[in-house]
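Morning, everyone. Please have a look at the model on the screen, and then I'll walk you through it.

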Amino acid sequence: MGIQEIQEGIVDEFSMFDDWMQRYEYMIELGKSLPLIDERYKTDDNIIKGCQSKVWVHAELKDDKLVFTADSDAIITKGIIAILIRAFSNQKPQDIIDADTQFIDEIGLKEHLSPTRANGLVSMIKQLKLYAVAYQTQLSQ
Amino acid sequence: MLDVTKIRADFPILSREVNGKPLVYLDNAATSQTPQQVIDVIVDYYSNYNANIHRGVHALSQEATDKYEQARQKIQKHFNIAQAHEVIFTSGTTHGINLVANGFTSLLKKGDELLVSAMEHHSNIVPWQMLCERTGAILRVIPMSREGELLMDAYHELLSDKTKLVFCNHISNALGTINPIEEIIDAAHQFGAVVLVDGAQAAPHIKADMQALDVDFYTVSAHKLCGPTGVGILYGKSDWLTKLPPYQGGGEMIAEVTFEKTTYADLPHKFEAGTPNICGGIAFGAALDYLNAIGLEEIAAYESELLKYATEQLLQIDGLKIYGTAARKTSVISFNIEGIHPYDIGTILDKLGIAVRTGHHCAQPIMDFYKIPGTVRASFSFYNTKEEVDTLVEAIRRAKAMLS
């Protein structure tokens, strides 16, 4: 499935909920299914800056696709990163670079998209895309 | 007894909603809200006499100058400062501390010692570290207990003839501890050391008397006491302010300028380069009028009752731990719930219309001391109510249920 389709799927799932509490509860649930980063990659180098909670992300190229794993010490942050990774993991680096993140707004998490918000969602997206750029460069060499 | 219903009516912001819920504003230690009386002064300034001060010959400039200087006198009176020129307008506490730290560059030498309390805000640590880098002076830390009280025996032992400067907050922003600054100041003076007290958190709760304290420098921000952001004062003893070199160069702070040499203006203008926050200064004065009309002692008594109630109620939540349990503290409660990140709690509380602070509160050394990533901090003001405490407690229970 492509990034666009996955994002549409996530938007569909979230559209079932009437209020923020259900959305947050679902997001917390999704956080529990986050593909966890291997403990050895939980280093300071892999921490995403700009988050009030700690977020670690690791990227690996499998065949021609990028696979992300991550973790956070805050459960809501973990839910947010789980949603992002679901959309971006197992995709070609170029597709990740080209993807937009409008769906975050559509699932009612717009407030997390503010670049000044301390959860660093914007930093997370930037980091995932940076990995994609790095691997894309590697692939095209 | 305060008439809180009447007081709340003075604050327009308190009647707004956040996320569809009535706002419960419990981030007062970061910024207090502004009463209509102060907002009116700000509107009046820009509507009727906005002009640059001190240099103009026209009527508006004179009116603005008079109001600005009257505000300085109000501040002088409020803090029982001997002379009006010992009140330096700043952009806030951080500016005041940097002004002093910068000034001491030429007065310190390698090996001199500076003492800083373990519970300082970064703004009362970093400028001194920079000063140490410039001069070769050494920064030493006055330790604190698990309860969040300074270990005064250790302080007395740290003091020596090498000690040149001591800096400490009057009240800790992260823990609410009221520090024994009288003892800190007296002991430092025995060794000829200069003391700077960060009064940012104390000013809304305690009317500090500069002459009785005999403190050398004291800094305050208006936005912590119902005034606007971006303005504050540095109190300094005349002798010290005279000794320190100017911090910033520019207009207003000069006596005479030629390309060969510039002579500086007298106090306080020597430290007030450029066009100041005129409206902010005047509104700062109005904020003090507002607080004094209610009475800081009445405010402190009411807040202490709120603190007691909130502490009791919060401690009934399983797994809730309060950081900062000093015998003398103000209405600040820093807490965590076992197994839950403070950021998660803060996010859910926000959805429920409750404004609290989460994170390290610009006091990372305190978080390192307790080995925690941060806390949730609820800070109460005289316009908060017991009902709001109940709303907070209920919301925390809800957040806890969602997040566990």
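**Where the two chains meet**

So, how many residues of chain A are in contact with chain B? 13 residues of chain A touch eleven residues of chain B. Keep in mind that this is a predicted model. Which elements of chain A give two or more residues to that side? Helix H2 (20-32) and helix H3 (75-88) of chain A do. The largest share comes from H2(A), with four residues. By class, the side of chain A that touches chain B holds seven nonpolar, four polar and two charged residues.

A:Met1 sits in the segment before helix H1 (3-14) of chain A. Buried or exposed? A:Met1 counts as exposed, because 11 C-beta neighbours lie inside 10 Å, and the cut-off for exposed is 12 or fewer.

Now the inside. The largest nonpolar core has 146 residues. The residues with the most contacts inside this core are A:Leu84, A:Leu128 and B:Ala287. On the chain B side, the core draws at least three residues from each of domain 1 (4-30 + 296-403) and domain 2 (39-292). Zoom in on A:Leu84. Neighbours within four places in sequence set aside, A:Leu84 is in contact with A:Met124, A:Ile125 and A:Leu128.

On to chain B as a whole. Its secondary structure comes to 14 helices and 17 strands. The radius of gyration of chain B is 22 Å, close to the 22 Å from the globule rule for 404 residues, so chain B is as compact as a globular protein of that length. Along the principal axes, its C-alpha atoms fill a box of roughly 70 × 55 × 35 Å. Of its 404 residues, 49% count as buried. Take the contacts in chain B between residues at least 6 apart in sequence: 71% of them join residues at least 24 apart.

Last stop, the domains. Chain B is divided into domain 1 (4-30 + 296-403) and domain 2 (39-292). Their centres, over C-alpha atoms, are separated by 28 Å. How do they meet? 22 residues of domain 1 of chain B are in contact with 22 residues of domain 2 of chain B. On the domain 1 side, helix H11 (296-315), strand E14 (332-337) and helix H13 (364-370) of chain B each supply at least two residues. H11(B) gives the most, with four residues. By class, that side of domain 1 has twelve nonpolar, six polar and four charged residues.

Note on methods:
Residues are numbered from 1 along each chain as its sequence is written. Chains are lettered from A and ligands numbered from 1 in the order in which they are written. This is a predicted model: local features need pLDDT of at least 70, side-chain atom pairs count only at pLDDT 80 or more; totals for chains, interfaces and linings use all residues. The radius of gyration is taken over C-alpha atoms; the globule rule is 2.2 Å times the number of residues to the power 0.38. A residue is buried if 20 or more other C-beta atoms lie within 10 Å of its own, exposed if 12 or fewer, and partly exposed in between; C-beta atoms are placed from the backbone. Two residues are in contact if their C-beta atoms, placed from the backbone, lie within 7 Å. Ala, Val, Leu, Ile, Met, Phe, Trp, Tyr, Cys and Pro count as nonpolar, Asp, Glu, Lys and Arg as charged, and the others, Gly among them, as polar. A nonpolar core is a set of buried Ala, Val, Leu, Ile, Met, Phe, Trp, Tyr and Cys residues joined through C-beta atoms within 7 Å. Domain bounds come from an automatic or database domain assignment.
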